[in-house]
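Thanks for coming, everyone. Please have a look at the structure on the screen, and then I'll walk you through it.

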Amino acid sequence: MKLTNILRNIHILSPASYADTEITSVVFDSRKVEKGCLFVAVKGTKTDGHVYIEEAVKGGAAAVICEDLPTGSFKNTVLLKVADSASALGLAASGFYGDPSASLMLVGVTGTNGKTTI
């Protein structure tokens, strides 16, 4: 899938040329990076995914979404800066997998009695 289609609903802060970049998967765990994937560096409570950007690029990531652009030269990888990479991860996954939540029907049951029998 083209990166342009995946990024359709994501606000990119840094300009980059990425229209023809082909993406094979979306990952946020650098150990699962494969050639052609989109790696999303997410800041967590125990570790920061930005630490693993270089490892992801060496593993074959075609593009990286991050909040802080890394220093150095990443010639064959598209670097995309966003304000919130955790939010961008959800939007990227939704774009990659064809927006599956759009076809879900959500039903809510409220009230005092009868919920357990429904």
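I'll start with the sheet, then turn to charged pairs, rings and the surface.

Some ground rules. This is a predicted model, so local features need pLDDT of at least 70 and side-chain atom pairs count only at pLDDT 80 or more, while totals for chains, interfaces and linings use all residues. Residues are numbered from 1 along each chain as its sequence is written, and side-chain values use heavy atoms, with hydrogens and water left out.

First, the sheet. Helices (H or I, at least four residues) and strands (E, at least two) are DSSP runs, numbered from the N terminus. Two strands pair if DSSP finds at least two bridges between them. Here, 4 strands form an open sheet. Their order is β1-β2-β3-β4, and the pairing is parallel. β1 and β4 are the edge strands, each pairing on one side only.

Let's walk across. β1 and β2 run parallel and are joined by 2 bridges. V26 has L38 in β2 as its bridge partner. Next, 3 bridges connect β2, residues 38–40, with β3, again parallel. V40 is partnered with I65 in β3. Then come 4 bridges between β3 and β4, residues 78–81, also parallel. There, A63 has V78 as its bridge partner.

How do we get from β2 to β3? What lies between is helix α2, residues 53–58, and the three elements make a right-handed β-α-β unit. Right-handed means this: with the strands pointing away from the viewer, the path from the first strand over the helix to the second runs clockwise.

Now stay with β3. β3 covers residues 63–66, and both of its faces are covered. A63 and I65 are buried on one side, V64 and C66 on the other. A63 counts as buried because its relative accessibility is 0%.

On to charges. Side chains of opposite charge can pair when their charged atoms come close. A salt bridge here is a side-chain nitrogen of Lys or Arg within 4 Å of a carboxyl oxygen of Asp or Glu. How many does the structure hold? There are 5 salt bridges.

Take E22 and K2. Their closest N and O atoms are 3.3 Å apart. This pair links distant parts of the chain, 20 residues apart: E22 sits in the loop between α1 (3–6) and β1 (26–27), K2 in the segment before α1. Both ends are partly exposed: E22 at 40% relative accessibility, K2 at 34%.

Next, K43 and E67. Their salt bridge is 3.8 Å, N to O. It also links distant parts of the chain, with K43 in the loop between β2 and α2 and E67 in the loop between β3 and β4, 24 residues apart. K43 is partly exposed at 40%, whereas E67 is buried at 16%. This pair belongs to a network of salt bridges that links K43, E67 and D68.

E54 and K58 are both in α2, 4 residues apart, about one turn of the helix. Their closest N and O atoms lie 3.4 Å apart. E54 is partly exposed at 47%, and K58 is exposed at 68%.

Now the rings. Rings of Phe, Tyr and Trp (its six-membered ring) pair if their centres lie within 6.5 Å; planes under 30 degrees apart count as stacked, over 60 as edge-to-face and the rest as tilted. The count is 1 aromatic pair. F96 and Y97 form it, edge-to-face, at 4.9 Å centre to centre and 85 degrees between the planes. F96 is buried at 16%, but Y97 is exposed at 55%.

Last stop, the surface. M105, V107 and V109 make a nonpolar patch of about 350 Å². Patches are made of residues with over 30% relative accessible area and no salt bridge: like charges are joined within 9 Å, nonpolar side chains (Val, Leu, Ile, Met, Phe, Trp, Tyr) within 5 Å. Accessible areas come from the Shrake-Rupley method with a 1.4 Å probe, and for residues only the protein chains shown count as cover. V109 lies in the segment after α3 (85–96). V109 is partly exposed, at 40%.

Technical notes. Buried means under 20% relative accessible area, exposed over 50%, partly exposed in between (1.4 Å probe, protein chains only).
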